[in-house]
Amino acid sequence: MTQPGYAAALCVVAAACLTVGRERGPARARLLLAGGGVVRVPPRWSPERVLPMVRARPEWLCPPLGLLLGALGESVVPVIGGVLAVPLVRRRLRARELARERVRRAEGVIALCGAVAGELRAGAQPGPALVFAAASTGALGPGEAAVVAAARFGGDVPQALREAARAPGAGGLAGVGACWRVAVDSGAGLAAGLDRLEAALRAERDQREDTRAQLAGAWSTIVLLAVLPVVGLAMGWALGADPLRVLLHTPGGLLCLLAGGVLEAAGLWWAARIVRAGEEP
């Protein structure tokens with residue numbers, strides 16, 4: 001395929017990626033419910049519509065990037081690599097989003113302990129205090145309905161909290177359930193127990209953040225190692241060579257590309273595994 005052919009294919013794939021998931025329904029709803037007002041609909045290819053699509057599905061930028069590299073190197077290998085990279089990038093982005101959700105839920109559990117303790121000291125009963133704190137913090141996640149129902153209608157609140165603690169990042173809810181059980185069985189102060197639990201969870205969070213800060217340098221080193229091959233290609237271009245042609249159009253170059261890609265992926269995976277092991281409690 002010639003360079004004009006690759007450029008045309010690049011334009012077609014980019015247009016297809018950007019038109020995936022167009023929200024025609026919400027646009028029509030805005031027009032119908034405008035109530036006689038004027039609703040400004042941005043152009044199809046305006047940044048107001050394109051940028052949200054790219055943010056929603058950034059993994060679909062891999063095929064256009066592969067087409068671009070294929071057009072520059074006049075080879076189909078980067079195109080295949082761009083297509084194969086879509087599920088890998090999607091999985092990585094999903095894992096990152098799950099990690100952020102885990103951190104948010106852990107922060108919500110800490111806020112839940114403080115909110116329930118505050119409501120109890122203000123004179124509220126444990127059930128209504130838990131319902132109010134759950135609604136204001138959103139720490140219970142998928143198990144919120146079961147916990148709220150148990151708190152309102154006299155169910156087994158500790159068991160519902162233990163079930164909700166199975167969600168990623170919500171392990172502190174098991175401690176809330178234990179405090180609740182002790183307070184019900186022995187009449188001990190629930191607010192005092194939640195205060196101690198909140199302090200323990202905060203100390204654990206601070207220790208985790210301190211460990212993550214100490215390992216930031218290691219993550220930076222991993223990113224630098226990942227970028228080094230691109231830097232090498234750029235230096236080859238700067239020196240007047242054509243590294244893409246050598247890598248994509250010669251048997252030795254294809255062999256080096258395959259071996260280098262496997263070694264690069266294995267090295268990055270091993271280094272990331274070591275750093276993640278250091279982040280674990």
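Modeller: With a disulfide taken as a pair of cysteine sulfur atoms within 2.5 Å, the count is zero disulfides. The model is predicted, so local features need pLDDT of at least 70 and side-chain atom pairs count only at pLDDT 80 or more, while totals for chains, interfaces and linings use all residues. Residues are numbered from 1 along each chain as its sequence is written, and side-chain values use heavy atoms, with hydrogens and water left out.

For cysteine 179, the closest cysteine sulfur belongs to cysteine 113 at 7.4 Å, which is too far for a bond. Cysteine 179 is also buried, at 18% relative accessible area, where buried means under 20%, exposed over 50% and partly exposed in between (1.4 Å probe, protein chains only). Cysteine 62 is likewise buried, at 16%.

Beyond its neighbours within four places in sequence, leucine 130 is in contact (heavy atoms within 4.5 Å) with Leu112, Val116, Val147, Ala151, Val157 and Trp180.

The axes of H7 and H8 come within 9 Å and cross at roughly 170°; axes are lines fitted to C-alpha atoms over the stretch in contact, and angles run from 0 to 180 degrees between N-to-C directions. H7 is therefore roughly antiparallel to H8, a label that applies to angles over 145 degrees. Ala146, Val147, Ala150 and Ala151 of H7 meet Val157, Ala160, Leu161 and Ala164 of H8. By class, these are eight nonpolar, no polar and no charged residues, with Ala, Val, Leu, Ile, Met, Phe, Trp, Tyr, Cys and Pro counted as nonpolar, Asp, Glu, Lys and Arg as charged, and the others, Gly among them, as polar.

H8 and H9 pack at about 170° with axes 7 Å apart, so H8 is roughly antiparallel to H9. The residues in contact include Leu161 and Arg162 of H8 and Trp180 and Arg181 of H9. This contact has eight nonpolar, two polar and two charged residues.

Notes:
Helices (H or I, at least four residues) and strands (E, at least two) are DSSP runs, numbered from the N terminus. Angles under 35 degrees count as roughly parallel, over 145 as roughly antiparallel, 65 to 115 as roughly perpendicular and the rest as oblique.
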